[in-house]
Amino acid sequence: MDFAMRRRFAWQEVTAEESYANMIENEAEFAGVKDEIKARMFNLNNAIANTEGLNEAYQIGAAYFRKYLDYQDEEKPFECLWNNHLKGLLFEYLRGNRKAKELLEKLHEAYNKTSIDEQPAHTNEG
């Protein structure tokens, strides 16, 4: 299906960072949490890019993080976002990897960092 769509329409890739700028950064409903969303998204995507079997093509865009609004009234909205949307997707990305459980935990740890980690995450330890 993806190739069929690409043949029929103009295609422009949007990076995770660009999606954040377009979908969250200047939106009023995210004013109180946009910095935390940015940090979690950056750290998670950095870890994804450095995970064995994954790369930048697997990074999570802002559309997933917009779902924060569905859980903003919960006690732990970011944990709800992880459990209901991100964890399953990332598990599917890692399916078949013998270290999937360990790698998923490292991605969760990266997601839980609430300040931007300038050092690249190395989750592909052998």
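Helices (H or I, at least four residues) and strands (E, at least two) are DSSP runs, numbered from the N terminus. The model on display is predicted: local features need pLDDT of at least 70, side-chain atom pairs count only at pLDDT 80 or more, and totals for chains, interfaces and linings use all residues. Residues are numbered from 1 along each chain as its sequence is written, and side-chain values use heavy atoms, with hydrogens and water left out.

**The whole chain**

Begin by selecting the protein chain, which holds 6 helices and 0 strands. Read from the N terminus on, its elements run α-α-α-α-α-α. The radius of gyration (taken over C-alpha atoms) is 15 Å, close to the 14 Å given for 126 residues by the globule rule (2.2 Å times the number of residues to the power 0.38), so the chain is as compact as a globular protein of that length. The C-alpha trace spans about 40 × 40 × 25 Å along its principal axes.

Next, display the surface. The chain exposes about 8100 Å², of which carbon and sulfur atoms supply 47%; accessible areas come from the Shrake-Rupley method with a 1.4 Å probe, and for residues only the protein chains shown count as cover. Of the 126 residues, 36% count as buried, where buried means under 20% relative accessible area, exposed over 50%, and partly exposed in between (1.4 Å probe, protein chains only).

**The largest pocket**

Helix 2 provides the largest share, 3 residues. By class, the lining has 8 nonpolar, 4 polar and 3 charged residues.

Several terms apply here. Ala, Val, Leu, Ile, Met, Phe, Trp, Tyr, Cys and Pro count as nonpolar, Asp, Glu, Lys and Arg as charged, and the others, Gly among them, as polar.

**Residues to visit**

Select Glu36, found in helix 3 (residues 34-49). Glu36 counts as partly exposed, at 27% relative accessibility. Leaving out residues up to four places away in sequence, Glu36 touches Phe78 and Thr114, contact meaning heavy atoms within 4.5 Å. Ile116 is 80 residues from Glu36 in sequence, yet their C-alpha atoms are 8.8 Å apart.

Continue to His108 in helix 6 (residues 100-111). Is His108 buried or exposed? At 13% relative accessibility, His108 counts as buried. Beyond its neighbours within four places in sequence, His108 is in contact with Glu79 and Trp82.

Then select Ala10, in the loop between helix 1 (2-8) and helix 2. Ala10 is exposed, with a relative accessible area of 81%. A line drawn from its C-alpha atom to that of Phe78, 68 residues away along the chain, covers 35 Å.

The last stop is Glu92 in helix 5, partly exposed with a relative accessible area of 44%. Glu92 and Glu27 are 65 residues apart in sequence, and 30 Å separates their C-alpha atoms.
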